[in-house]
Amino acid sequence: KMPALSELLRQCAQETNGVLQTLFIQIADKLDQQLYPDVKGCMNELLEENKMISPVAKECLQILSDVLGRFDTDGQIQGLQSVRQECKNKLQSITEQAQSNLRSYQMLGICGGAALVILLM
């Protein structure tokens, strides 16, 4: 017997913390109240209300909401794997950008320090 999607979302909430934990619980509550016919409607409303979630995370969560509850079990597993891969790709991109920014900031610091030394001489 398959558990209800709202129950699975509550289990996901137990495995995380912070804003995502709250988001998963709120989606589960909205599904139980049957305010929306699918996860996508619940997710869209909650993401619009929540200003604490980054645009990149919102994009991944919207992709997730497209997958949940729409396909058979195998289709959902495939969908979850594609969402996971998309999140990994975005994380890698953000990490590379952060490393690039760090090098730029370090170079600016060195140049600023050199300029200060020249001015003080």
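Which side chain meets that of Lys90 in a salt bridge? The partner is Glu59, with 2.9 Å from N to O, a salt bridge being a side-chain nitrogen of Lys or Arg within 4 Å of a carboxyl oxygen of Asp or Glu.

## Basis of the description

This is a predicted model, in which local features need pLDDT of at least 70 and side-chain atom pairs count only at pLDDT 80 or more, while totals for chains, interfaces and linings use all residues. Residues are numbered from 1 along each chain as its sequence is written, and side-chain values use heavy atoms, with hydrogens and water left out.

## Helix H1 and its buried face

Helix H1 spans residues 5-14, and its buried residues are Ser6, Leu9 and Ala13. Helices here are DSSP runs (H or I, at least four residues), numbered from the N terminus, and buried means under 20% relative accessible area, exposed over 50%, and partly exposed in between, with a 1.4 Å probe and protein chains only. Seen down the axis of H1, these buried residues fall within an arc of 60°, taken from the directions from the helix axis to the C-beta atoms, so they line one face of the helix. What covers the buried residues of H1 includes helix H2, residues 18-33.

## Salt bridges between helices

Side chains of opposite charge can pair when their charged atoms come close. The structure holds six salt bridges, among them one between Arg10 and Asp32, at 2.7 Å from N to O. This pair links distant parts of the chain, since Arg10 belongs to helix H1 and Asp32 to helix H2, 22 residues apart. Arg10 counts as partly exposed at 24% relative accessibility, and Asp32 is likewise partly exposed, at 43%.

Another salt bridge is formed by Glu45 with Lys30, whose closest N and O atoms are 3.2 Å apart. Glu45 lies in helix H3 (residues 39-49) and Lys30 in helix H2, so the pair ties together parts that are 15 residues apart in sequence. Glu45 is partly exposed, with a relative accessible area of 22%, whereas Lys30, at 14% relative accessibility, counts as buried.

Lys90 counts as buried at 17% relative accessibility, while Glu59 is partly exposed, with a relative accessible area of 37%. Elsewhere, salt bridges that share partners join Arg10, Asp29 and Asp32 into one network.

Note on methods: Helix = DSSP H or I, 4+ residues; strand = E, 2+ residues; numbered from the N terminus. Contact = heavy atoms within 4.5 Å.
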